[in-house]
Amino acid sequence: MNKQEAVVVLGTAHLITIPGKCSPDGSFREAIYSREIVSRVKKQLEDDGFIVLVDYEPLEPNASMKASSSKEMQNKELAYRVKFVNGVCKTRGSRNCLYVPIHVNAAGNGKNWMSAGGWCCYTSVGQTRGDKLADFLHQAATENLKGYEALMSEGKKKGWYDKYQRPIRTDFSDSDPDQEANFYVLKNTNCAACLTENFFQDNKSDVAFLNSEEGKEIITRIHVQGIENYVASL
């Protein structure tokens, strides 16, 4: 597939109104950070000639998402995103589309700093078209996270990370590196889909890396490189 045929749909993380989804001190908000990275990835891909759409850009819910509870609001938000992506697939053809929601991970309940860290990505359970997309994102992460690998190694000496942490979190139980989960936006969209979890918002060292210009550039590069190499392989 050439880039003129491909339609890249980027996904933002959650709404600003969803509880949690932030660092324990409240200085980092996943919803805001995700939208900044999505904007950077979108610009670079468009500069390279790709068609790029975003599933939902506002921080606040629209009228169709509003509900009496945050759980119901989140369910409506997820349904909106899936409907958006599948609408694009119906118009452009599902095999010409790919979907990459960009998130930030967390290990705890948002109240305490944790010792987990690292980058990973998820596909839905079983063999899907998203597995190949995930392979290219993993390859891009491996190539671009050498500096973070050194940061984590040094951080373990200082107690910022526990001994089990790895720069790239993998699960080879099904012979590929991506992790699998029944995330609604992966299971119910009709194209290749892979959700990235870009480090941990409840790890002080990871948050410093996320907020640095170097960190933002690296995360952007992982997505741009992985997506472009995936499309070129089709």
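User: I'd like to start with Gln225: which helix is Gln225 found in?

Analyst: Gln225 is found in helix α7, residues 213–233. Helices here are DSSP runs of H or I with at least four residues, strands are runs of E with at least two, and both are numbered from the N terminus. This is a predicted model, where local features need pLDDT of at least 70, side-chain atom pairs count only at pLDDT 80 or more, and totals for chains, interfaces and linings use all residues. Residues are numbered from 1 along each chain as its sequence is written, and side-chain values use heavy atoms, with hydrogens and water left out.

User: What does Gln225 touch, not counting residues up to four places away in sequence?

Analyst: Contact means heavy atoms within 4.5 Å. By that rule Gln225 touches Ala140, Glu143 and Asn144. With Asn144 there is also a side-chain polar contact of 3.3 Å. A polar contact is a pair of N or O atoms within 3.5 Å; within protein, one must be able to donate a hydrogen and the other to accept it, and residues adjacent in sequence count only if both atoms are side-chain atoms.

User: Now α2: how many residues does it have, and how far does it reach?

Analyst: The expected span of a helix is 1.5 Å times one less than its number of residues. Helix α2 has 23 residues and reaches 33 Å from its first C-alpha to its last, close to the 33 Å expected. After α2 comes Gly93, with a positive phi near 95°.

User: Which residues of α2 are buried?

Analyst: Buried means under 20% relative accessible area, exposed over 50%, and partly exposed in between, using a 1.4 Å probe and protein chains only. The buried residues of α2 include Met73, Glu77, Arg81 and Val85. Its buried residues pack against β1 (7–11), α1 (30–47), β2 (51–54), β3 and α5.

User: Why does Pro61 count as buried?

Analyst: Pro61 counts as buried because its relative accessibility is 13%. Pro61 sits in the loop between β2 and α2. Leaving aside neighbours within four places in sequence, Pro61 is in contact with Leu15, Thr17, Tyr56, Lys66 and Met73.

User: Which residues lie nearest the centre of the largest pocket?

Analyst: Rolling a probe the size of a water molecule over the atoms shows where empty space is left. On a 1 Å grid over the protein atoms alone, where a 1.4 Å probe fits, a pocket is an open set of points with protein on both sides within 12 Å along at least five of seven lines; lining residues have an atom within 4 Å of a point. Here 29 residues line the largest pocket, and His14, Lys21, Glu30, His103 and Glu197 lie nearest its centre. Strand β3 gives the largest share of the lining, five residues.
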